Amino acid sequence: MKCRNLLSFLACSTFAFTSTAAESVSGAESQGRSDLNLRPGVTDISNQVYDLHMLMFLICVIIAVLVFGVMFYSMVVHRKSKNAKPANFHENIKVEIAWTVVPFLILIGMAVPAANTLIDMEDASKPDMTVLITGSQWKWHYKYMDNDVEYFSVLATQQEQIKNRLQKGENYLLEVDRPLVIPTGQKVRFLITSDDVIHSWWVPDFAVKKDANPGFINEAWARVNEPGIYRGQCAELCGKDHGFMPVVVIAKEPAEYQAWIEEQEAIAQRAKEEEQRLLAMNMSMDQLMTQGKKTYDTVCAACHMPNGEGLPGVFPAIKGSPIATGDVDAHIDILINGVTGTSMASFAKQLTMSEIAAVITYQRNAWGNNTGDMVQAKDINAAMNGKE
Amino acid sequence: MTSATDTTAHVDGEHHDDHHHIPKGLTRWLFTTNHKDIGTLYLWFAFIMFLVGGAMAMVIRAELFQPGLQIVEPNFFNQMTTVHGLIMVFGAVMPAFTGLANWLVPMMIGAPDMALPRMNNWSFWILPFAFLILLSSLFMEGGGPAFGWTFYAPLSTTYSGDSTALFVFSVHIMGISSIMGAINVIVTIFNMRAPGMTYMKMPLFVWTWLITAFLLIAVMPVLAAAVTMVLTDKFFGTSFFDAAGGGDPVLFQHIFWFFGHPEVYIMILPAFGIISQIVPTFSRKKLFGYASMVYATASIALLSFVVWAHHMFTTGMPVAAEMFFMIATMLISVPTGVKVFNWVATMWRGSLSFEIPMMFAIAFIVLFTIGGLSGLMLAITPVDFQYHDTYFVVAHFHYVLVTGAVFSIMAAVYYWLPKWTGKMFDITLAKWHFWCSLISVNVLFFPMHFVGLAGMPRRIPDYALQFADFNKWISVGGFAFGLSQLIFLALLIKACRHQGESVSDQVWDGAEGLEWEIPSPAPYHTFDTPPVVK
C-alpha cells in the first residue's frame, strides 16, 4: 500500500503540470476514479494490475530520465559553438554488451510479476455463479445461468442529449436501462460471446476486457470487493453505434443480490403470464401505433432512422419499402427470424410478441405506408409457434 | 565511413549531352525511368496523401472537440478513421520511404540508377489509381470502408457495405506496388554496389532499407491473402471467418497481424537508417557501433515475425500463448534500446551543431523513445487488458508513427533537399515548421495517454463527459499540427522553384558518404562510371 502511494505521488507529480489536469482530478466522481491515470479498481486482480502498471511506468520514467539526461548533457556540453572537439571512439564492446544485458535483466524483472498476475486472471475455474454475456449491434444481453433471468441492456442516454438539444447528464453515454447486477465477494464467471460482429466487454474497475466473438465463447471472472456502480464501454469497433453501447454493472451485498434476483424471477414469471393474457386480446389501432412508435424509436431507429428512411447503402428504408407495404407474413418473418448475412437480427428474444405486433403495425402505417394493416400478438405467436 | 576516389560524375562534359538530356513536360514524369524523378514523384505523392489523410484527421478532431454529435454522423466518422489510417500507412509513410530509397540508395552505393527502372516507373504509377479507387468509394451510396484500417471480420464481411470490393482492390494494388518497390531495392543493393562497397561498408540507410524490403516481400502477400478472403467471404459465400460455416473470426486477426506487426517495422526501420545518417553528421563523429546497429536492425526484423498476437491479447488466447507473445514482444525492446543508446553514444563527446535535420533527429530520438516505452508497457499482457483499444494505444502508435516515422521523413527531406535542389531551403520557414510541429504534436498526442488510461475507448465519435477537457486540448493540438504542415508545403514549393542560396557539394560540413561527393544539385545521371570505394 505504501509502495502504491509513493508511485501514485510520483505519477501525479509527473503528470500534473496542467491546470486542466488538476481540475479534472478534483471533479472525479467516485473515489479511485482518476481522469489522468488507470484506476486501481475494486477487485484484487484490478489492484494487482494497477500496481503492475505503476511499476512499469516507474521503470519507463527512470529509463527515460537516464537516457535523455545523458543526451541533454551532451547537447549542452559537447556543442560545436563551445568549441567542442569531436572524440574519435566509435565502438566499445564492453559498453555494448552491458547495455544489451542490463535491459534484458530489467525485462525479466518485469515479466515475472506480470506472468503471476496473468495466471490468476485467466483462472476462471470454480465460480460461485455464471452470467452469459452476449453482445449484438449495439446492446448487451445478460443471462443468469443459475436463475431464470435474462434481459437486454441498452444505452439509456436520450438522443436529445447526444444531438445537443438537451443538457448532458452526469453519466452521459455511460448509463443503461437495465444494468448487470452481481453479488460482492463471490467469484462471478462471465461467459462472453456475440450474435453478430466482434464486441468487447470492458469494465475498467474489474480489469476485465474480453472480446465477444460470434460463434465462440470466452471466459473472464471478477470477485468484486466493494458494492457500487461500475461503468465501462464496448471496446472493439462494432459498427455505426460502437460508441453507444456502454456496460454498467451494479455490485450488491450478497443478501441484497439474493432479494434482487428473486424479484427478477418473479417479474419474469409475471411477464410471461401477461404475454399469455395479451395473446387473447386484440389491441386497437391507436394502442398499437402508440406502443409501436415507442418500440420503434428505442429499438429500430438506430439503423432505420426515426423517419424510416434508413441510411442509403447501409441500412434499408422502411418508408415505402416493398416489405413494409407488401405481404404481412414476410414482414413478420423478418422480425422474428432476422435476415441471414445482413445486420438485421432476430428480435424474437429482445421484444415481446405484443411489442413485435405493435412495431410491425407501426411500420406498416407510419410515414405514408398507409396499408391499414393491424397485426396482433396472436399473429406473432402463430408465426413463431405454429397455428393453434 | 566510405570515400570515393573516382567520381566521374564530376566531369560531366558536353559530349554527354544526349545522355543527360532531361525530357520536358508531363511525359517526363509519366514515362520516367530515372530514379531521381521517380523518387520525387513518390515524395510528392506521399506529401499530398499526408495532407489528404491529415484533412480526415481534422474531421475526426473537429467532431471530438466537444461531447455530443456535432459535425458528422457516426457512420461517416468511422469512414474517416478507417480511411485516415489506410492513407497514412499505405499512402503517406510507405511511399515517402520508397521515395527516399529511390533518391538515395543508388547515390549511396554508387549505382547509376535502380536495377529495374521500368518496373520502378510502374510501381509508382499504379499507386495514384489505388488511392483514387479508395477515395472514390467514399462517394458511393453507403460510403466507403467504415470498419477500421484493421478491417476485422465479420464487420468487414457480412456487415460491411458494397464499397468493400473497392477497398480490397485498392489494397491489392498498394501491395503490388510495395512488392515491386521492395524487389527493386533488393536487386539494386545486391548487384549494383560500386567496387569496394562491401555490405559492412554500406550506409545504414541502405542496410535498414534492405532489411525492410525483405519484410515487405514476406508480409505483403499475407495482407493480399487476408483481403482476398474478406472478398470471398463477403461476395462469394466462403466462410473463412464465419463460425456458422466452420470458420473463425479470430483467424482473420491472426492473419492480419502476421502482416501487421512486421508492417510496423517496415514503417520504422528506414527511419532508424535516416537518424543513423543524420546524427553522426551533426555530431562530427562516426556512428557509434555500426555493426551492432546492423545486427540490431536484423534482430528487430526477425523478432517482428513472432510477436503479432500482442495485438490480440483480449481475443481469448490460451495463457501459454499470451506468455509467449508477451515475452517475445518485450525482447524487441533490447535491440531497439541498443539503437537509442548508440545514437546517444554517437552524440557523446562529439562536436554538436543543431541545424534543422538534427533538430528533427533529436526530436525523433526523444519522442520515438516515449512511444517505445509506452509500447513496452503495452507488451505486459495483464495491463494490456486495460490499455487495449483505448486512447493509450492511439497515443502509443502516433508517437512512433508521427513523431517517429513522419519526423524522420521530415528530417531526411531537410537533410538531403539541398543536395537534390542545389539550394539551401528557407531556414526561417524550416525553424517555424519545426517548433510549431514539435509543440503542437505533443499537445495533440500526449494527453491521449491520460484519456486512454482514464478509460476512453478508441474509434468512438462521442464520449463521456469526464474526457471532455483533454479532448478539447487534443483537438486544438491537432488543428495546430495540421496547419503547421502548410509551412512545410510553402517551404517545399520554394525549394522546388530553386529559390535560395547555392550549396557546396558536401552541403553539411560533417557529412560523409558518396552522395555528398557528387555535385549539388545532383545531376540527372550520376555514377555512369562506378566510383571505387576504399
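What span should the 18 residues of helix H8 of chain B have at 1.5 Å a residue, and how far apart are its end C-alpha atoms? The model is predicted, and the two values can be set side by side. Helix H8 of chain B covers residues 249–266 and should span 26 Å. Its end C-alpha atoms are 26 Å apart, which agrees. Of its 18 residues, 15 are buried, so H8(B) is largely enclosed by the rest of the structure.

Helix H10 of chain B comes next. It takes in residues 290–303, 14 residues in total. From first C-alpha to last it reaches 20 Å, close to the 20 Å expected at 1.5 Å a residue. Its buried residues are B:Tyr290, B:Ser292, B:Met293, B:Ala296, B:Thr297, B:Ile300, B:Ala301 and B:Leu303. The spacing of such a list has a general background. An α-helix has 3.6 residues a turn, so residues three or four places apart point the same way. What do the buried residues of H10(B) pack against? In chain B they meet helix H7 (204–235), H8, helix H9 (269–283) and H11. They also pack against H4 of chain A.

That last partner leads to the interface between the chains. Here 84 residues of chain B are in contact with 82 residues of chain A. Several helices of chain B each supply at least two residues of the side that touches chain A, among them H3 (74–109), H8, H12 (356–379) and H15 (427–454). Which helix gives the most to this side of chain B? H11(B) does, with 14 residues. By type, the residues of the side of chain B that touches chain A divide into 48 nonpolar, 26 polar and ten charged.

Helix H16 of chain B (468–496) is another of the contributors to that side. Two of its residues are worth a look. B:Leu486 lies in helix H16 of chain B. Is B:Leu486 buried or exposed? It has 12 other C-beta atoms within 10 Å and is therefore exposed. B:Leu486 and B:Thr212 are 274 residues apart along the chain, and their C-alpha atoms are separated by 30 Å. B:Ile487 is also found in helix H16 of chain B. B:Ile487 is partly exposed because it has 18 other C-beta atoms within 10 Å. Between B:Ile487 and B:Ala430 there are 7.8 Å, C-alpha to C-alpha, although they are 57 residues apart in sequence. Leaving aside neighbours within four places in sequence, B:Ile487 is in contact with B:Leu429, B:Trp432, B:His433 and B:Cys436.

Now turn to chain A. Its domain assignment gives domain 1 (40–122), domain 2 (129–270) and domain 3 (281–387). The C-alpha centres of domain 1 and domain 3 of chain A lie 60 Å apart.

Strand S6 of chain A runs over residues 199–203. Five of its five residues are buried, so S6(A) is largely enclosed by the rest of the structure. A:His199, A:Trp201 and A:Val203 point one way from the strand, while A:Ser200 and A:Trp202 point the other way. The partner is strand S7 of chain A (208–212), joined to S6(A) by five bridges and running antiparallel to it. In this pairing A:Ser200 stands opposite A:Asp211.

Most residues other than glycine have a negative phi, and most peptide bonds are trans. A:Lys126 has a positive phi, near 50°. It sits in the loop between helix H4 (93–121) and S1 of chain A. With 8 C-beta neighbours inside 10 Å, A:Lys126 counts as exposed. B:Arg349 has a positive phi near 55°. Its place is the loop between H11 and H12 of chain B. B:Arg349 has 18 other C-beta atoms within 10 Å, so it is partly exposed.

Which peptide bonds are cis? In chain A, a cis bond joins A:Gln137 and A:Trp138, with omega about -5°. A:Trp138 lies in the loop between strand S1 (129–136) and strand S2 (139–144) of chain A. In chain B, a cis bond joins B:Ala153 and B:Pro154, with omega about 0°. B:Pro154 belongs to the loop between helix H5 (127–136) and helix H6 (164–191) of chain B.

Note on methods: Residues numbered from 1 in each chain as written. Chains lettered and ligands numbered in written order. Predicted model: local features only at pLDDT ≥ 70, side-chain atom pairs only at ≥ 80, totals over all residues. Helix = DSSP H or I, 4+ residues; strand = E, 2+ residues; numbered from the N terminus. Expected span 1.5 Å × (residues − 1). Buried ≥ 20, exposed ≤ 12 C-beta atoms within 10 Å, placed from the backbone. Pairing = 2+ DSSP bridges. Domains from an automatic or database assignment. Contact = placed C-beta atoms within 7 Å. Nonpolar A, V, L, I, M, F, W, Y, C, P; charged D, E, K, R; others polar.
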